[in-house]
Amino acid sequence: MSERNDGNLIGQRVGKYQIVEQLGEGAFGIVYKGLHTLIKAPGAIKGLRRSPRETAEDYADQCAHFFREAKAVGEISHPNIITVFDYDQLAAPDGRFYYVMEFIDGKPLTQCLDGLHGSFT
């Protein structure tokens, strides 16, 4: 997989998944919806983001945190927690880490919570 200059991965391949859309983003990464290239099963792919302003030490800390996050979720088996299927690193020169989770189609959590007690955004 290679990231285009505009940062958009839609249409690119990440591991065995073809990226079809961006689902969201946060401080550490971007989550995409992908389709397995052989069996066409959907997956959610979270890729670690790297800021050009961060130091190598900061990035190493983020990589360690990202791995612990994937490992912790991968060790849990519960109907209310997503399943992590894979963890890997993109080929050079990109080299970012990513993990693949089950894709659950639905509304964003913020939409569900907004009707309860005001806005959470």
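1. Two strands pair if DSSP finds at least two bridges between them. Helices (H or I, at least four residues) and strands (E, at least two) are DSSP runs, numbered from the N terminus. In this structure six strands form an open sheet, in the order β1-β2-β3-β4-β6-β5, with antiparallel pairing. Strands β1 (13-14) and β5 are the edge strands, and each pairs on one side only.

2. The model is predicted: local features need pLDDT of at least 70, side-chain atom pairs count only at pLDDT 80 or more, and totals for chains, interfaces and linings use all residues. Residues are numbered from 1 along each chain as its sequence is written, and side-chain values use heavy atoms, with hydrogens and water left out.

3. Inside the sheet, β4 (residues 42-48) pairs with β6 over five bridges in the antiparallel sense. Gly-47 stands opposite Tyr-98 in β6.

4. Four aromatic pairs turn up in a search of the whole structure. Rings of Phe, Tyr and Trp (its six-membered ring) pair if their centres lie within 6.5 Å; planes under 30 degrees apart are stacked, over 60 edge-to-face, and the rest tilted. Phe-67 and Tyr-87 make an edge-to-face pair, 5.2 Å centre to centre with 70 degrees between the planes. Phe-67 lies in helix α1 (residues 56-74) and Tyr-87 in strand β5 (residues 84-89), so this pair ties together parts 20 residues apart in sequence.

5. Tyr-87 also pairs with Phe-97; these rings are stacked, 5.8 Å centre to centre and 20 degrees between the planes. Phe-66, Phe-67, Tyr-87, Phe-97 and Tyr-99 form one aromatic cluster.
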